[in-house]
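Me: I would like to learn how to read the features of a predicted model, one at a time, with a case for each. Could we work through the structure shown below?

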Amino acid sequence: MTPHSLAFYVDVVTTGTVLGVGPADSPDHVTKVLGSDFAENTFGERSMCRDYGLAEFHWDRACADHPWSGHHFTLHVHRLALRDRSLVNDVLRARYGRFTPRLRFDKLQRLLVRRGVALLEIPEIPANAPYYRTFWQPASQVAVSVIGTYGEYSTPDNLRVGDVYGIQAPMAADEVEWRRARLG
């Protein structure tokens, strides 16, 4: 993996943002930073997702006449294994360069440790265990999902054990505590 794309993942995990855009930011602000090349999905009048290829941002609202409230973002790192160059939008590519098809967790973790950023493993929800493992960064509230073991129909065939599946923010401390109390 190129150092630049690794820098992107390190930036996301340490800051809890994508190019400075956080999960609570408005749809207009996300579009201002990431550009207007996205697919938009709405689920009724109360939920919306904008898919920028690698990154997806999600919002919800109480009713149609209320403003959108940011809920979370997800980096679908597993999509890169499809080897479709258009998955990384022009804004990310201009800033970070080429993205390779897989992100090895050990490389990401090594770079984070060098910067003094710890990732803590937290219990996986039963539906995903043992195929996935989740690591959490408390300060940025970012969760990193990693392939834990191969499972036919449970994990993508084009990823290997130790590859990052996705990165999501935020994962609040109360969810981590809930997992530890119920699943740990």
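Me: With which side chain does the side chain of threonine 17 make a polar contact?

Reply: A polar contact is a pair of N or O atoms within 3.5 Å, where within protein one must be able to donate a hydrogen and the other to accept it, and residues adjacent in sequence count only if both atoms are side-chain atoms. Here the partner of threonine 17 is the side chain of threonine 15, at 2.8 Å. A polar atom of the threonine 17 side chain also lies 3.4 Å from the backbone nitrogen of glycine 20. Before going further, please keep in mind that this is a predicted model, in which local features need pLDDT of at least 70 and side-chain atom pairs count only at pLDDT 80 or more, while totals for chains, interfaces and linings use all residues. Residues are numbered from 1 along each chain as its sequence is written, and side-chain values use heavy atoms, with hydrogens and water left out.

Me: Where is threonine 17 found, and is threonine 17 buried or exposed?

Reply: Helices (H or I, at least four residues) and strands (E, at least two) are DSSP runs, numbered from the N terminus. Threonine 17 belongs to the loop between helix H1 (3-15) and helix H2 (27-34). As for burial, a residue is called buried under 20% relative accessible area, exposed over 50% and partly exposed in between (1.4 Å probe, protein chains only). Threonine 17 counts as buried because its relative accessibility is 18%.

Me: How many salt bridges does the count come to?

Reply: A salt bridge is a side-chain nitrogen of Lys or Arg within 4 Å of a carboxyl oxygen of Asp or Glu, and by this rule the count comes to nine. One of them joins arginine 50 to glutamate 40, with the closest N and O atoms 2.7 Å apart. This pair links distant parts of the chain, since arginine 50 sits in strand S2 (residues 47-51) and glutamate 40 in strand S1 (residues 39-43), 10 residues apart. The two partners can be read for accessibility as well: arginine 50 is buried at 11% relative accessible area, whereas glutamate 40 is partly exposed at 39%.

Me: Which side chain does arginine 79 meet in a salt bridge?

Reply: Arginine 79 meets the side chain of aspartate 51, at 3.1 Å from N to O. This pair, too, links distant parts of the chain: arginine 79 is in the loop between strand S4 (69-75) and helix H3 (90-96), and aspartate 51 is in strand S2, 28 residues apart. Arginine 79 is buried, with a relative accessible area of 18%, and aspartate 51 is also buried, at 18%.

Me: Which parts does the pair of glutamate 121 and arginine 133 tie together?

Reply: The side chains of glutamate 121 and arginine 133 meet in a salt bridge of 2.7 Å, N to O. Glutamate 121 lies in strand S5 (residues 120-122) and arginine 133 in strand S6 (residues 132-137), so the bridge ties together parts that are 12 residues apart in sequence. Glutamate 121 is partly exposed at 42% relative accessible area, and arginine 133 is partly exposed at 37%.

Me: What should I look for in the backbone, for instance in the peptide bond from alanine 129 to proline 130?

Reply: Look at omega: this bond is cis, with omega near 0 degrees, and proline 130 lies in the loop between S5 and S6. The bond from alanine 169 to proline 170 is cis as well, with omega near -5 degrees, and proline 170 lies in the loop between strand S8 (164-169) and helix H5 (173-183).

Me: What is the phi of arginine 83?

Reply: Arginine 83 has a positive phi of about 60 degrees, although it is not a glycine. Arginine 83 is found in the loop between S4 and H3 and counts as exposed, at 63% relative accessibility. Glutamine 141, likewise a residue other than glycine, has a positive phi near 60 degrees. Glutamine 141 lies in the loop between S6 and strand S7 (142-147) and is partly exposed, with a relative accessible area of 28%.

Me: How should I compare separation in sequence with separation in space for phenylalanine 43 and aspartate 60?

Reply: Set the two values side by side: phenylalanine 43 and aspartate 60 are 17 residues apart in sequence and 9.4 Å apart in space, C-alpha to C-alpha. Phenylalanine 43 has its place in strand S1 and counts as exposed, at 52% relative accessibility. For another pair, phenylalanine 38 and proline 138 are 100 residues apart along the chain, and their C-alpha atoms are separated by 30 Å.
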